[in-house]
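Dear colleague,

My notes on it follow directly after.

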Amino acid sequence: MITNYMHEIVKGTGSLLAGMKVTIKAMFTRSHTVQWPRQHLVLPERFRGHIELVPAKETGFPKCFACGNCARNCPSKCITVKGKKPEGAKKKAPTIFLLDFTKCSLCGLCVESCPVKALSFSKEYSLAGPSKQVYSNMDLLTELASPFSSLVKQEKSNG
Amino acid sequence: MKDINLLHIIISLLGIMGIVSVNAVLVVWLERKAAGRMQFRHGPMEVGFHGILQTLADGIKLVSKQLVAPDHADTALFILAPIVSLVPIFVAMMPIPFSSTLLAHETETGLLLVIALGLLNTLGILLAGWGSDNKYGLLGGTRAVGQILAYKIPLLLTVLTIVIMAGSFSLREIALAQHGTWYAFVQPIAFLIYIVCIVLETNRSPFDMAEAESELVAGFHTEYSGMAFSMFFLAEYSYMFVASALATVMFLGGWQGPLLPAPIWFVLKVYFFLFLMIWFRWTFPRVRIDQMLMLGWKVLLPLSLINFLITAVVLAL
């Protein structure tokens, strides 16, 4: 009986030490917390944020020529594109490109249907705004030039 | 002579207040940081370097909050309880030797004094539970009293083991007696029992039955807010410091160590015990009351008694 008693004590102490080993190990492993907004998540390649216009490499203007394929293919009807031909140019350029992100289901049909790959998913995940209107009427043309655009951010970090 | 004594008292009290507050700030920070790291988080990061001033900010918030007493509370006891809990600390800190000369007041029976004053914390907790007219508070308070039954006798037996080895109740003498080897190596069983006992004594997890936030809201301090709450908080961390200081003196040779100056060695050893308690808290789940009493009466008591008797016999031979 007494050996049983001592065995229990030794076994119990051992199990306590095993638990303490787990926590001390955890203490010296890397923290999983990402300290937003000072740090940002590294998003996977196929992350789907709201769509954004892809700029042409040479000019920096959007590749989009306002054909309207994306708007026609959108099942939620959340894209509005209007464009006109600038003087002396061959192709049209978009004058209005509005996205109603509150309706968008991120299906990606617009990105797939674009003949010149002028649309892509952004990697913007920290979306918060003071009102619904901010996201029901996103102007992707100014988005391209705005400092909040992830494209501009990428350029900045590259340069 | 009288003036010198008064000056002595004022200086030591100021020093102790400094230690109590700096210790609370540091230990709370250390605790939150360690808790965070053990759960793969960062812990406090915003206020000061890696959140070191977070406790200070929390303290300012607590001080500026209103103290609300419940309608049917026993107001006198309600106000008295945090004071009863905190004030003994200032006396209990007195005989703790930070080095062979750096101590506020040397008494022949320093060890007994500190242990006796440590018990007053439980009185404060009981008063808080009783005075706040809250069922959770009362349950927490009575639990704290029940907890004494589990740890006080083994605690005193291990302390007695050390006392008969050192031949003195004076903390300074006990530390000096370990000039060659620390008692932690001579008395490993007493050392382990004492560590369990200080966790029990300071109401720390896994023995935080008096607080038991998942069962009793916040236990004895459910109804407390503002400064009164922070006094309980201060008291808890200060009792941790005192209990760790006793452990340092009794088992790790007090301030003695190579190279570094004595007070630094002492504080380092104390913080080793404090970290150990924090480590326990974030590792072990809370035990039930019957399990705690079982541990106290069936494991700690017989082991400490046998250890005491063996030590006494060996010393007598």
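Along its sequence, chain A of this predicted model runs in the order α-β-α-β-β-α-β-α-β-α-α. In total, that chain holds 6 helices and 5 strands. Of the 159 residues in chain A, 14% are buried. When one takes the contacts in chain A between residues at least 6 apart in sequence, 69% of them link residues at least 24 apart.

Helix H1 of chain A covers residues 2-27. With 26 residues at 1.5 Å a residue, this helix should span 38 Å, and the distance between its end C-alpha atoms is 38 Å, so the two values agree. The number of buried residues in H1(A) is 0, and the helix therefore lies largely in the open.

I turn next to the place where the two chains touch. Chain A supplies 13 residues to this contact and chain B supplies 12. On the side of chain B, helix H1 (residues 2-38) gives the most, with 3 residues. Sorted by class, that side of chain B consists of 8 nonpolar, 2 polar and 2 charged residues.

Finally, two helices within chain B deserve a description. The axes of H6(B), residues 135-166, and H12(B), residues 289-316, come within 9 Å and cross at roughly 15 degrees. Angles under 35 degrees count as roughly parallel, and H6(B) and H12(B) are therefore roughly parallel to each other. Their crossing is left-handed. The contact between H6(B) and H12(B) comprises 19 nonpolar, 8 polar and 1 charged residues.

With kind regards

Definitions and conventions:
Residues are numbered from 1 along each chain as its sequence is written. Chains are lettered from A and ligands numbered from 1 in the order in which they are written. This is a predicted model: local features need pLDDT of at least 70, side-chain atom pairs count only at pLDDT 80 or more; totals for chains, interfaces and linings use all residues. Helices (H or I, at least four residues) and strands (E, at least two) are DSSP runs, numbered from the N terminus. A residue is buried if 20 or more other C-beta atoms lie within 10 Å of its own, exposed if 12 or fewer, and partly exposed in between; C-beta atoms are placed from the backbone. Two residues are in contact if their C-beta atoms, placed from the backbone, lie within 7 Å. The expected span of a helix is 1.5 Å times one less than its number of residues. Ala, Val, Leu, Ile, Met, Phe, Trp, Tyr, Cys and Pro count as nonpolar, Asp, Glu, Lys and Arg as charged, and the others, Gly among them, as polar. Axes are lines fitted to C-alpha atoms, for helices over the stretch in contact, and angles run from 0 to 180 degrees between N-to-C directions. Angles under 35 degrees count as roughly parallel, over 145 as roughly antiparallel, 65 to 115 as roughly perpendicular and the rest as oblique. A crossing is left-handed if the near helix is turned anticlockwise from the far one by less than a right angle, and right-handed if clockwise.
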